Amino acid sequence: MIFSSPVSSSRLLPAAIPVVTQRPRTPFPLRTVVKMSSTDITSSTTSSKSFAVKPPMHPTYDLKNIIKLALAEDAGDEGDVTCLATIPYNMEVDAYFLAKEDGIIAGIALAEMIFHEVDPSLRVEWSQNDGDFIHKGLQFGKVHGRAHNIVVAERVVLNFMQRMSGIATLTKQMADAAYPAYILETRKTAPGLRLLDKWAVLIGGGHNHRMGLFDMIMIKDNHISIAGGVTNALRAANLYIKERDLQLPVEVETRTLEEVKEALNYSSQTETSLTRIMLDNMVVPLANGDVDISMLKEAVELVNGRFETEASGNVTLETVHKIGQSGVTYISSGSLTHSVKALDISLKIDTELALKVGRRTGRA
């Protein structure tokens, strides 16, 4: 197979979670242990080079079963009746991946896994890797083998690749604009597809927030309200960690400067597991479309580097650059995954006709 160099960034952070100290100075992505090791998910027919960016890790998520579920959803109990009716089973063809718009490609490694699941004899070649920029009209991959099996896998492959590429494309735009802050997604992902959504964020140059409820103590507004305040919530979290001898990062959401001061005051008086303070909705939208970040900047100055900070709320592609200039460590945006615009990609056997039609419709 031929591969171009994957997109690299000097801003990529270490993959493993360090031992949590009282006040970490260096940002780190929140990534846990995956049920399947890299050797489990990289089969003999899936080139290790395809994994330009490895998936985030999770203790219970089974990527192979997600692929099987997606294929079974399509096949139902009868299989592909159109293929069975129209395509000789042993006919072999070449099919080509075609980009119909510019963007960041994501899902190449996953596509290989899907093709292998359908038919291990299918041969896949790529001219691009996950994370590479592709332009409209580019043929960036080819699959050869039984036509029936290629068509069976086609829609599942494209559904995953288009969604992941859409996420990666927006993430790349947001990450570049957010600099020097780091861009994070949230748990606002498609149910059942979280690992893939978060994988796409990594491919696009972003960083993962917590994978789920299990890998970080994240004290949000409802926890604070139930606990009776920021101090009570932090005290309870510290006790929970100490009693169980855990090494979990702790984040607390603050909505006012008073809550920021309360978190700082409590942490200055006792040993704490707090690692990050979320500054929620401290970016104020203005009538002219701009945002006021003065409250956010004041909060960052109050923290003064003692903890990581995370801006949340009113984060868009138009506002993220200004937010990134506030001095905040991270910026989280649910829009990366909850409002996905799929990148237009197709898989065609007759590419000449496909390009002709695409040019007629402005999609190639």
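Q: Helices (H or I, at least four residues) and strands (E, at least two) are DSSP runs, numbered from the N terminus. In which strand is Ser 346 found?
A: Ser 346 is found in strand S14, which covers residues 345–348. This is a predicted model, in which local features need pLDDT of at least 70 and side-chain atom pairs count only at pLDDT 80 or more, while totals for chains, interfaces and linings use all residues. Residues are numbered from 1 along each chain as its sequence is written, and side-chain values use heavy atoms, with hydrogens and water left out.

Q: What does Ser 346 touch, not counting residues up to four places away in sequence?
A: Contact means heavy atoms within 4.5 Å. On that basis Ser 346 touches Tyr 96, Phe 97, Leu 98, Lys 100 and Leu 158.

Q: What makes H5 and H6 oblique to each other?
A: Axes are lines fitted to C-alpha atoms, for helices over the stretch in contact, and angles run from 0 to 180 degrees between N-to-C directions. Angles under 35 degrees count as roughly parallel, over 145 as roughly antiparallel, 65 to 115 as roughly perpendicular and the rest as oblique. The axes of H5 (residues 147–178) and H6 (residues 194–203) come within 7 Å and cross at roughly 45 degrees. H5 and H6 are therefore oblique to each other.

Q: Is the crossing of H5 and H6 left-handed or right-handed?
A: A crossing is left-handed if the near helix is turned anticlockwise from the far one by less than a right angle, and right-handed if clockwise. The crossing of H5 and H6 is right-handed.

Q: How do the residues of the contact of H5 with H6 divide?
A: Ala, Val, Leu, Ile, Met, Phe, Trp, Tyr, Cys and Pro count as nonpolar, Asp, Glu, Lys and Arg as charged, and the others, Gly among them, as polar. In H5, residues including Phe 160 and Ile 167 meet residues of H6 including Leu 196 and Trp 199. The contact holds 9 nonpolar, 1 polar and 2 charged residues.

Q: Why are H8 and H9 called oblique?
A: The axes of H8 (residues 230–244) and H9 (residues 257–269) come within 9 Å and cross at roughly 40 degrees. H8 and H9 are therefore oblique to each other, and their crossing is right-handed.

Q: What makes S6 and S7 edge strands?
A: Two strands pair if DSSP finds at least two bridges between them. An open sheet of 6 strands has the order S6-S13-S12-S9-S8-S7, with parallel pairing. S6 (182–184) and S7 (217–219) each pair on one side only, and are the edge strands.

Q: How many bridges join S8 to S9?
A: S8 (residues 250–254) and S9 (residues 274–280) run parallel and are joined by 5 bridges. Val 252 stands opposite Ile 277 in S9.
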